[in-house]
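My notes follow the order in which I looked things up.

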Amino acid sequence: MDIKSFLNNVCKEIKYEPAKKSISEELELHIKEIKEDHINDGLDEKTAEEKAVHQMGCAEEIGKSLNKIHRPQLDWKLLILIGILMGFSLFISILKESTGNDTYLLSTISYMVIGFIISIGIYLSDYRNLKKHSSLLYVFATIILLWTTTNYGGTRIQGVSCINFFGYSFFPGTITVTLYIIAFIGFIVGYDKNNAIKFRIQDEKFSINKDLLKIVSLTLLSLVIMQTISTWTNTIILSFVYLAITTIKIITNEENKIKNLLKLYGIIGILAITLMIGLDVNPFNSMKVLASFNPEIDPKGRGYIGMLQKEILQNAKMIGEAETEIISSDRYIIPMESNYTFIYLLGKTGIIPAVILVLAIILTSIKLIINAKNIKEQYGKFLIIGLSTLYILQSVASVLMNINLGIQADINIPFVSYGGFYFMVNILSMALMFSVYRRKDINFEEPKKLKKPKFLTKIEGFFFEECN
């Protein structure tokens, strides 16, 4: 049997089409290395090839084994955790309906169903197609933000620009943060250190990397536009996600890790010092930060919400409603705003349900981190890193804000806080991560010249023999 026939017989047993190419290339490389060894031992080319194929063993059995390893997989553990978080959202919607907010439950279910329907397509599609459209995603996100400044679809809610679309309004940062992250990942994964522009000034030669120039300029532009049109909260979160992705990219690079990290964090340090100076000279901003942690310093102003949260925390029970009318009266902001979902849950149902929610958030975060570690393909790995960082930052910041351990800001808990379009974007983002995980055992990279590919070492002791 020649190499081509052997590979065809192996691939016939593999059901998942995208896996066939990488498996075939790895097997062919391995067979050719064995063939070369036999030729070096004095065999002619045809005999060496037949012996190498014979040495590989039963093609059908190898194919069946590889089919088990490379079949698409649904991450059931993560799906269950997301289901628990959504269960909390439904539960909180039912609680709010009892206070007269009779649209919460129906709206939550509607957006959940719409999100699930669209997410099926995202889950089944090949996530790698997004990489070649990174620039388009960036432009689309920018257009959405700029659209809010026009008279055609833009409006303002509570002083923040938002989009009015057929009677439905949503804040642009809800989707543009995610789009900018996906676009940034495409840029940074496609970075080519050799793509440089060389020029001369007088007698001195200089060079600038075109990809680096593109990444830096578009990153800064996105942050400026986000801060100008959206909110500081979205800008800061987007900045931290950019930083996390860049840091991991530098760490996973084999060259100049320490030098590049020092450069990166040196620039970040300068910007952070500048920001701190800005807070010191602006009493309004500094008061907002201080009152978030110590609301007593301005109980009727910047610390008003913090005082309400503190009262709920002081009167919370292990199980059951806290002995305060804050969480039952619609005169207060706590039961109304989605930003305060966690403290509302704690006050309405008790400490134990709130702790269970925190545990679900922690377990989801850990599972996402583990998934990112286990993804082989670079673009997919960074997609999970970026979107997971966004989820973790939003969740942690929202919970801490709700218990007076974080700065008061317009930030929600993904999958839990009310917000129809925000809820749907979270579902679609998670569907994209499920799509990456679905293909986690497939090596999309070019095969490297290895004596024994990893997946072959798992089976060669069992199948390197002829079929009966």
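**Entry 1. Whole chain.** I noted that this is a predicted model. I looked up the secondary structure and found 19 helices and 5 strands in the chain. The chain has 468 residues, and 46% of them are buried. I then checked how far apart in sequence the contacting residues lie. Of the contacts between residues at least 6 apart in sequence, 67% join residues at least 24 apart. For the surface I wrote down about 24,800 Å² of accessible area, with 62% of it belonging to carbon and sulfur atoms.

**Entry 2. α15 and α16.** I took helix α15, residues 351–374, and helix α16, residues 378–402. Their axes come within 9 Å and cross at roughly 160 degrees. Angles over 145 degrees count as roughly antiparallel, so α15 and α16 are roughly antiparallel to each other. I recorded the crossing of α15 and α16 as left-handed. Next I listed the residues that meet. From α15 they are V358, I361, T364, S365, L368, I369, N371, A372 and K373, and from α16 they are K381, I384, I385, S388, Y391, I392, S395 and V399. Sorted by class, the contact of α15 with α16 has 10 nonpolar, 5 polar and 2 charged residues.

**Entry 3. α16 and α17.** I moved on to helix α17, residues 420–438, which packs against α16 at an angle of about 145 degrees. The axes of α16 and α17 are 9 Å apart. I found a left-handed crossing for α16 and α17. On the α16 side the contact is made by G380, L383, I384, L387, S388 and Q394, and on the α17 side by Y422, N426, S429, L432, M433 and V436. By class I have 7 nonpolar and 5 polar residues in the contact of α16 with α17, and no charged ones.

**Entry 4. α8 and α17.** I then asked what else packs on α17, and looked at helix α8, residues 173–189. The axes of α8 and α17 are 9 Å apart, at an angle of about 20 degrees. Angles under 35 degrees count as roughly parallel, so α8 and α17 are roughly parallel to each other. The crossing of α8 and α17 is right-handed. T174, I175, T178 and I182 of α8 meet F421, Y422, V425, S429 and L432 of α17. I counted this contact of α8 with α17 as 6 nonpolar and 3 polar residues, with no charged ones.

**Entry 5. N426.** Is N426 buried or exposed? N426, which lies in α17, has a relative accessible area of 10% and is buried. Leaving out residues up to four places away in sequence, I found N426 touching Q394, P414 and F415.

**Entry 6. The loop between α16 and α17.** Most residues other than glycine have a negative phi, and I looked for exceptions. N404 is found in the loop between α16 and α17, and its phi is near 65 degrees. N404 is buried, at 9% relative accessible area. F415 is placed in the loop between α16 and α17 and has a phi near 75 degrees. I noted that F415 is buried as well, with a relative accessible area of 2%. F415 is also one of the residues touched by N426.

Entry 7. I finished with two residues of helix α5, residues 76–97, where L79 lies. L79 has 33% relative accessibility and counts as partly exposed. Apart from neighbours within four places in sequence, L79 is in contact with L74 and F434. L79 and F434 are 355 residues apart in sequence, yet their C-alpha atoms are 8.7 Å apart. K77 also lies in α5, and at 64% relative accessibility K77 counts as exposed.

Notes. Residues are numbered from 1 along each chain as its sequence is written. This is a predicted model: local features need pLDDT of at least 70, side-chain atom pairs count only at pLDDT 80 or more; totals for chains, interfaces and linings use all residues. Side-chain values use heavy atoms; hydrogens and water are left out. Helices (H or I, at least four residues) and strands (E, at least two) are DSSP runs, numbered from the N terminus. Buried means under 20% relative accessible area, exposed over 50%, partly exposed in between (1.4 Å probe, protein chains only). Contact means heavy atoms within 4.5 Å. Accessible areas come from the Shrake-Rupley method with a 1.4 Å probe; for residues, only the protein chains shown count as cover. Axes are lines fitted to C-alpha atoms, for helices over the stretch in contact, and angles run from 0 to 180 degrees between N-to-C directions. Angles under 35 degrees count as roughly parallel, over 145 as roughly antiparallel, 65 to 115 as roughly perpendicular and the rest as oblique. A crossing is left-handed if the near helix is turned anticlockwise from the far one by less than a right angle, and right-handed if clockwise. Ala, Val, Leu, Ile, Met, Phe, Trp, Tyr, Cys and Pro count as nonpolar, Asp, Glu, Lys and Arg as charged, and the others, Gly among them, as polar.
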